[in-house]
Amino acid sequence: MNQFLLAIDQGTTSSRAIIFNQFGQIIGQGQQEFAQHFPEDGWVEHNPSDLWQTTLQVCKEALKDAGLNASDITSAGITNQRETTLLWDMETGKPVYSAIVWQDRRTSDYCQSLVEQGYSDKVQQKTGLLIDPYFSATKIRWMLHHVVGVKERAEQGKIAFGTVDSYLLWCLTDGQQHRTDATNAARTMIFNIHSQDWDQELIELLGIGTVKLPEVMDSSADFGVINEKWLGAEIPVQGIAGDQQAALFGQACFAPGMVKSTYGTGCFLILNTGDQVLKSEHKLLSTVAYRLDGQVTYALEGSIFVAGAAIQWLRDGLKLFSHASETESLAQQALNADTVYLVPAFTGLGAPYWDPDARGAMIGLTRDTSVSDIVSAGLRSVCYQTKDLVDAMAKDGAHFNSLRVDGGMVVNDLVVQFLSDLLGIAVERPKVTETTALGVAYLAGLKAGVYDSLEQISELWQAEHAFHPEMGHDSREKLYQGWRNAVHRVRTS
Ligand SMILES: Nc1ncnc2c1ncn2[C@@H]1O[C@H](COP(=O)(O)OP(=O)(O)O)[C@@H](O)[C@H]1O
Ligand SMILES: O=P(O)(O)OC[C@H](O)CO
């Protein structure tokens, strides 16, 4: 008999719900985009009601698409854009402000002051993270200091903090559960990844001790039950993970040394490091890959802020084409692909540079530079940035000879082939590229007893295509040197 798992994937630009059967096949889905708000330079916000309402709608759409009722669903999971921060009043259930999105840079100066006070080592040692506005903690502090009345309500013990998973769980359970999982907690900059507890010293340092923090659970656990008023029947929520960790899980990267890279708005390369926290000397992040039965599997992560977003900019900003799918044929016509570089540092550079003040550039332009050359440079920029991460990992002692990829961009064969050429390793694209949703469905299914073991899940993973390097060493080095020069031109630190 078929069993069905509902995966809620609340991402940066859209909310998605996918229903899988126990074989990891997609049975139904729904997706809705929502508005991005940029109230000031470097600020990025979402309306919490958009996050919640689109989530609810896509769940209904997915059920309809699958021809199922909520009562047919065995278990549900939530995966989410990470770090994005919400505070809400626990009495009214109302968010006190917008959701401050992971890309938001408003706490840059405060982060810089923490660095100057010498807290970098302590933060990295405890949380595995670098001090950066990217993470949740300084966003919480900003709301306490800037939103009228919130500090007072927090002092009365009425204000809850949550990443998007927590907030959605709160809504879905009708205010019954205030919980998160270890992968999401690990992105806040106040969670000790060794002891698996909230870190009181960092909480006090930031002055955010009055806010109620969610209970941190395994990634596969009994988080609560979706109230029947939302979808027509109760559904247990038994999986939660940040979207990049869920993708690692969906790619079945369960053995130390296995690595995946997801190409959506940004790009996130995550390497399974087993039960070891690998401390990076090259500005990568140590984080929680997943936590099962109290056992933590750790990961090393490289985060790039702009990947598919560069393609969106070429489409919407420069209006060079109407659909992302046109980029492959356009780039195939590029005559100067090897000499034109686009550094998409629109919101600064992420790993391994962490240069929030860098800005984008196009280098190598001549009179015969064409639209095709620029599009090709945009696509290739994603591969060059990945090589930056892979090289940083190698310097940290982490080597691998194949990479699993997923996300909206990997339908583009040209991108994946160039990636393989540049890295000089095999790049594997799975049959199901919705690995984020699949990963959290697996986590829910593990708790629900649909799956007994990780081995069983590994057996479900199937490659759709493996790309092998076709480029020679010298060409690869020459192209990459050109990229290094281009990045050097935009860096401020
Ligand atoms: N054929 C393509 N070639 C290159 N980029 C693409 C292609 N199709 C989609 N994209 C890019 O992939 C991204 C969407 O991927 P997705 O995984 O849905 O992102 P997210 O989950 O971050 O919203 C968009 O930025 C889009 O520009
Ligand atoms: O929503 P995505 O897929 O762009 O992922 C965002 C990341 O979780 C941010 O850390």
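Biologist: Which residues does Glu 83 touch?
Modeller: Leaving out residues up to four places away in sequence, Glu 83 touches Trp 102, Tyr 134, Phe 135, Ser 136, Thr 163 and Arg 187. Contact here means that the C-beta atoms, placed from the backbone, lie within 7 Å. This is a predicted model, where local features need pLDDT of at least 70 and side-chain atom pairs count only at pLDDT 80 or more, while totals for chains, interfaces and linings use all residues. Residues are numbered from 1 along each chain as its sequence is written, and chains are lettered from A and ligands numbered from 1 in the order in which they are written.

Biologist: Is Glu 83 buried or exposed?
Modeller: Glu 83 counts as buried because it has 26 C-beta neighbours inside 10 Å. The cut-offs are 20 or more other C-beta atoms within 10 Å for buried, 12 or fewer for exposed, and partly exposed in between, with C-beta atoms placed from the backbone.

Biologist: And where does Glu 83 sit?
Modeller: In the loop between strand 5 and strand 6. Arg 82 is in the loop between strand 5 (73-80) and strand 6 (85-89). Helices (H or I, at least four residues) and strands (E, at least two) are DSSP runs, numbered from the N terminus. Arg 82 is buried too, with 27 C-beta neighbours inside 10 Å. Its contacts include Trp 102, Asn 184, Gly 242 and Asp 243.

Biologist: What does UniProt list as "binding site"?
Modeller: The unreviewed UniProt entry lists Thr 12, Arg 82, Glu 83, Tyr 134 and Asp 243. UniProt positions are in the numbering used here, feature names are shortened, and annotations may be inferred rather than shown by experiment.

Biologist: Which residues surround ligand 2?
Modeller: Gly 11, Thr 12, Gln 81, Arg 82, Glu 83, Trp 102, Gly 242, Asp 243, Gln 244, Gly 264, Thr 265 and Gly 266. A residue is near a molecule if its C-beta atom, placed from the backbone, lies within 6 Å of it. That shell has one nonpolar, eight polar and three charged residues. Ala, Val, Leu, Ile, Met, Phe, Trp, Tyr, Cys and Pro count as nonpolar, Asp, Glu, Lys and Arg as charged, and the others, Gly among them, as polar.

Biologist: What about Gly 242, buried or exposed?
Modeller: Gly 242 is buried, with 31 C-beta neighbours inside 10 Å. Gly 242 is in strand 14 (residues 235-242), and its contacts include Thr 79, Asn 80 and Arg 82.

Biologist: Now ligand 1. Which residues come nearest?
Modeller: Of the 19 residues around ligand 1, Gly 264, Thr 265, Gly 308, Ala 324 and Gly 408 come nearest. Helix 11 gives the most to that shell, with four residues. By class, the shell has five nonpolar, 13 polar and one charged residues.

Biologist: Different topic. At what angle do helix 10 and helix 15 pack?
Modeller: Helix 10 (residues 243-250) and helix 15 (residues 435-448) pack at about 75 degrees, with their axes 7 Å apart. Axes are lines fitted to C-alpha atoms, for helices over the stretch in contact, and angles run from 0 to 180 degrees between N-to-C directions. The two helices are therefore roughly perpendicular. Angles under 35 degrees count as roughly parallel, over 145 as roughly antiparallel, 65 to 115 as roughly perpendicular and the rest as oblique.

Biologist: Which classes of residue make up that contact?
Modeller: The contact of helix 10 with helix 15 has eight nonpolar, four polar and one charged residues.

Methods
Contact = placed C-beta atoms within 7 Å.
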